[in-house]
Amino acid sequence: MQVNTKTLSLLLVATVGTALAEPITPVPEKISCTIADRQDFQIPDRVQLTGWVGSRIAANESNRLVKLDPARLLEGYRKRPGRQTWDGEHVGKWLHAATLAWVNTGDPALRAKLNDTAAELCKCQLADGYLGTYLEKDRWTEWDVWAHKYNLIGLITYMRYTGNMTPLPTCRRMADLLCKTFGDQPGQRDIIKAGHHVGMAPTSVLEPMVLLYRLTGETRYLDFCKYILRSWEQPNGPHVVSTLLTSKRVDKVGNGKAYEMLSCLNGALEFYRTTGERQILDACLNAWQDIVDKRLYITGAASYHELFHDDYDLPNVASVGETCVTVTWLQFNAQLLRLTGEARFAEQLEKVVLNQLLGAQRPDCAAWGYYVQMEGKKPYSDSLDGHCCLSSGPRGVALIPTFAASTDAAGVVMNLYDASTVRLKLRDGSQVSLTTETRYPSDGRIRITVNPAEPKAFAVKVRIPAWCGSASIAVNGSKVVAKPAADGYVAIQKTWTAGDKIELNFPLEPRVVIGDHHNQGKVALEYGPLVLCADEALLPDEVKTLASLTIANPDVAALAVTPEPAPDQLKTWPGAQIFRIKTLAQKTGVPVEVRLIPFADAGGTGSRYKVWLPLPRQSSGNLLLEGVESRSRPGNQPGSIIDEELQSPVVTFDGQPSKEDWFAVTFDVPIAIRRVVFMHGNNFHDGGWFDAGAGKPKVQIQRAKGGAWETVGELADYPATTATNNGNLKFGQAFTLRLASPAKALAVRVLGVPACGDNPKQNFSSCAELQAFNP
C-alpha cells in the first residue's frame with residue numbers, strides 16, 4: 001500500500017494545529033498514592049510529536065479512531081450477545097485510546113464521538129449494573145468480567161480527561177456488581193472460574209478497580225482488589241505473585257497466556273503504587289527481567305501462540321507477536337519507567353515502539369495485524385470481527401505521548417527521540433518548553449532547544465540508546481561528558497535560559513546479530529534502533545524469492561550497508577529509508593545488491609518479508625529451492641514450504657470444506673526429478689493432515705506450462721489416517737516417493753483429501769516442506 005507522505009505531513013500539521021488551546025487538568029483522585037512516581041505520567045496534550053512517530057500518532061487518530069463506527073462498538077450491548085464472545089471489549093478500548101488521542105490533538109469531531117459513545121454505552125447498562133454482552137443465563141462464564149474491565153478503563157479515562165463525570169454512576173454500578181458477585185464469602189462466586197486462562201482474564205479487572213478506588217475513595221473497591229490478589233494464590237489460581245517471586249519465570253505463571261498475564265501485572269503495579277506492597281514490585285521486576293532475557297523477540301514482540309514458552313523458545317512463525325501482547329508489554333514498561341525512573345525501561349519502549357508496534361500498524365494507520373511475525377505477510381485487517389488486536393493497537397500508539405518526554409524530581413527527562421514540541425511543568429510548578437529537531441531514526445543528530453519561562457536551574461536527562469557506542473553531547477557548543485548515572489540517563493545540570501541548545505549525536509551504524517537457538521545459522525541486521533528485513537517488494541531480478549537470499553558474509557564491512565531514500569511506493573514518511581547490502585544469490589552464488597527495509601514498514605504493500613536471513617550452507621540438493629510455491633487455498637498462517645526451515649509450515653485453513661488440497665512448486669525451466677519428499681506440518685484439533693482413508697496422498701507433475709497434472713505415484717509410507725484421526729503424525733515427519741527413472745517436470749505437487757478433525761463443517765491440511773531430488 002502506497003502512503004502519500006505529503007498528505008501525512010499536512011495531516012500532522014493540521015492535527016498539531018488543532019491541539020487544545022488550554023491544557024487539560026485531569027479530575028483529581030481522592031486517594032493519594034503511597035508510592036510516588038519517579039517519572040511523571042504526561043498528559044498527552046503536553047507532548048506534540050511531529051516526526052515519524054508523530055505522523056503515526058496523528059494518522060492513528062484521523063484514519064482509525066475517528067472513523068470507527070460507534071454502532072459497531074455498541075452492537076453487542078444493544079443486541080446481546082453480539083457477534084463473538086469477546087465483542088464487549090472493543091468499546092472500552094476505543095474509549096481509552098480515543099480519549100488520549102483527543103487530549104493530544106484536540107479534534108472536536110473525535111470529542112463529539114467520544115461524548116456520544118460514552119453516553120450510549122451507559123444506556124446499555126442493565127438494572128443490576130451489568131454492562132457486558134452476555135445473555136443472563138451465560139453470565140460470568142467467559143469474557144464478560146473482561147469486558148467490564150475495559151468499560152471501566154475507558155469510562156474512567158474519559159471522565160478524568162473530559163471532566164464529564166456523568167458516567168460515574170455507571171462505573172459504580174459495574175464495580176458494585178462485581179463486588180457483590182465475586183469474593184470468598186458464602187454465596188459469592190469464585191472469580192477464577194469466571195473466565196479463561198486460569199482466571200487471569202477475569203482477575204485483570206484489578207487495574208480499573210484500583211483506579212476507581214483512587215477516584216472515588218470507596219474502600220470496598222480496594223477490598224475487592226485485595227480479594228483478587230488472594231484469588232491468585234488459591235489452589236486453582238494462577239499463582240501470579242508467588243510464582244514470580246520463587247521461580248521468576250513467566251512461563252510458569254498460570255498457563256503462560258501472555259496478554260492476560262501482562263494485563264494482570266499492569267493492574268498489580270497500580271495496586272503497588274496505591275498500597276506500597278513491595279513484593280508486588282519485586283514480582284513484576286522478576287517478570288520483566290525474565291521476558292527481556294529469555295522470551296523477547298528482536299523486534300520487541302513477546303509470545304507465540306499467545307503464550308510464553310520455555311527459555312529461548314522463539315520461533316519466527318507460529319502465531320508470533322500478538323498485537324495485544326505488544327501493547328500490554330508497552331504498558332508494562334511504561335508503568336515500570338514511572339515507578340523506577342530507570343532508562344532500561346525506556347530502552348525497551350523505544351525497541352517495541354519503533355519496531356513491533358509500528359510494524360503491526362499498516363503504514364496508512366487504518367488497519368492492524370493480529371499476529372505480526374518475524375517473516376511472512378502482515379495480516380492487516382480493519383474489521384473488528386474476530387480481531388481483538390484491532391482495538392488494542394491504537395491504545396499503544398495513543399499512549400506514546402505519555403512517556404516520550406517526562407519530568408522527575410531533577411527536571412526534564414527525554415525518553416524517545418522524535419521531532420517534537422513539549423510543554424512541561426516541573427515538580428515545583430515552573431514551566432519549560434522543549435523543541436526537538438531531528439529526522440531520527442533516519443539521522444542520529446538531535447537538537448533540543450530548551451525554553452524555560454524564566455532562567456531556572458534544573459536537569460535535562462537524556463537517554464543514550466544501548467546500541468550507540470560513540471555518543472556525543474554538547475550544550476551551546478560546549479562538549480558534555482556522556483556518562484550515564486545509576487538511573488541510566490545522562491543528566492545535564494545547569495541554569496537554563498531561553499534558547500539554550502542541546503546537541504546529541506548518536507552515530508547510526510549497522511549491526512549484525514548472530515542467531516542462536518531457533519535462528520542458528522542465520523543473522524539479522526539492525527541499523528540504529530531499527531530492525532531490518534528483506535522484503536519481496538525490493539528483491540532484485542537475481543533473487544526471485546526470499547528463500548533464495550543468503551547473507552554471504554556476516555561481517556559488517558563486507559555487507560557494506562548503505563542507507564538510501566525509500567522509493568515512492570514505500571515512502572511512509574519524508575525521512576523513510578531503505579538499506580542496500582552486498583550479498584549472494586543462494587543457488588547461483590552470483591553477487592547481488594539487496595535492499596532491506598525497517599520492520600515497521602516491511603510488508604506494507606502486502607509483500608512477504610523476513611527478519612532472520614540464512615548464512616551460506618552446504619547444498620541439500622533440493623531442486624525446489626528456486627521455484628515458486630503455491631497451494632490450493634492460501635490458509636491463515638504465513639510460512640514457506642521451500643525454505644528448508646521446519647519452523648514455518650503452511651496450512652490451507654479457511655473455515656470451509658474442500659474435496660482436495662495440494663501443495664505445489666513451479667519452475668521456469670524443466671528439471672529432472674527422481675525423488676519427492678513431503679514433510680507434514682502441524683496437527684490441530686480441527687484438521688491439518690490428509691485423510692488417507694480416501695487414498696494416500698498423490699505426487700503429480702506438470703510436464704508443460706499450463707498442461708495437465710500427471711500422477712507419478714503416491715506417498716505409500718503415509719500413515720492410515722482418517723478424517724478425524726491424525727494417525728499420530730509428528731511435525732516435520734517426512735514421506736518419500738522414489739521414481740524408477742527421472743521425470744522431467746515444470747511443476748510438482750502433493751495432492752490429497754484434507755482432514756476435518758472435530759469440526760466436520762470444514763477441513764484443511766498442512767505442509768512443513770516440499771523437496772525434490774535427482775537422484
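Contact is taken here to mean heavy atoms within 4.5 Å. In the predicted model, Val513 is in contact by this criterion with Ile298, Lys522, Val523, Ala524, Glu526 and Trp612, when residues up to four places away in sequence are not counted. Val513 belongs to strand β15, which spans residues 510–514. The relative accessibility of Val513 is 25%, so this residue counts as partly exposed. Between the C-alpha atoms of Val513 and Ser607 the separation is 24 Å, and the two residues are 94 positions apart along the chain.

The largest nonpolar core comprises 206 residues, among which Met209, Phe224, Phe332, Ile400, Phe403 and Ile502 touch the most other members. Helix α6, residues 144–162, makes the greatest contribution to this core, supplying 11 residues. With neighbours within four places in sequence set aside, Phe332 is in contact with Leu262, Leu265, Asn266, Leu269, Cys284, Ala287 and Trp288.

Several of these contacts of Phe332, among them Leu262, Leu265, Asn266 and Leu269, fall within helix α12, which covers residues 258–275. Helix α12 also packs against helix α9 (residues 206–216), the two axes coming within 7 Å and crossing at roughly 25°. Since an angle under 35 degrees counts as roughly parallel, α9 and α12 are therefore assigned to that class. Their crossing is left-handed. On the α9 side, the contact is formed by Leu206, Glu207, Val210, Leu211, Tyr213 and Arg214. The α12 side contributes Cys264, Asn266, Gly267, Ala268, Glu270, Phe271, Arg273 and Thr274.

Helix α4 (residues 89–105) was examined against two other helices. With helix α16 (residues 389–399), the axes of α4 come within 9 Å and the crossing angle is roughly 20°. The pair α4 and α16 is therefore roughly parallel, and the crossing is left-handed. Residues Glu89, His90, Lys93, His96, Ala97, Leu100 and Ala101 of α4 meet Ser391, Ser392, Pro394, Arg395, Ala398 and Leu399 of α16.

Helix α3, residues 70–78, packs on α4 at an angle of about 140°, and the axes are 8 Å apart. Because roughly antiparallel requires an angle over 145 degrees, α3 is classed as oblique to α4. This crossing, too, is left-handed. Leu73, Leu74 and Tyr77 of α3 make the contact with His90, Val91 and Trp94 of α4. His90 of α4 takes part in the contact with α3 and also in the contact with α16.

The cysteines were considered last. A pair of cysteine sulfur atoms within 2.5 Å is required for a disulfide, and the count under this rule is 0. Cys264 is in no disulfide, the nearest cysteine sulfur being that of Cys284, 10 Å away.

Notes: Residues numbered from 1 in each chain as written. Predicted model: local features only at pLDDT ≥ 70, side-chain atom pairs only at ≥ 80, totals over all residues. Heavy atoms only, no water. Core = buried A, V, L, I, M, F, W, Y, C linked by side-chain atoms within 4.5 Å. Buried < 20%, exposed > 50% of the residue type's maximum accessible area, 1.4 Å probe, protein only. Helix = DSSP H or I, 4+ residues; strand = E, 2+ residues; numbered from the N terminus. Axes fitted to C-alpha atoms, helices over the stretch in contact; angles between N-to-C directions. Parallel < 35°, antiparallel > 145°, perpendicular 65-115°, else oblique. Left-handed = near helix turned anticlockwise from the far one by under 90°.
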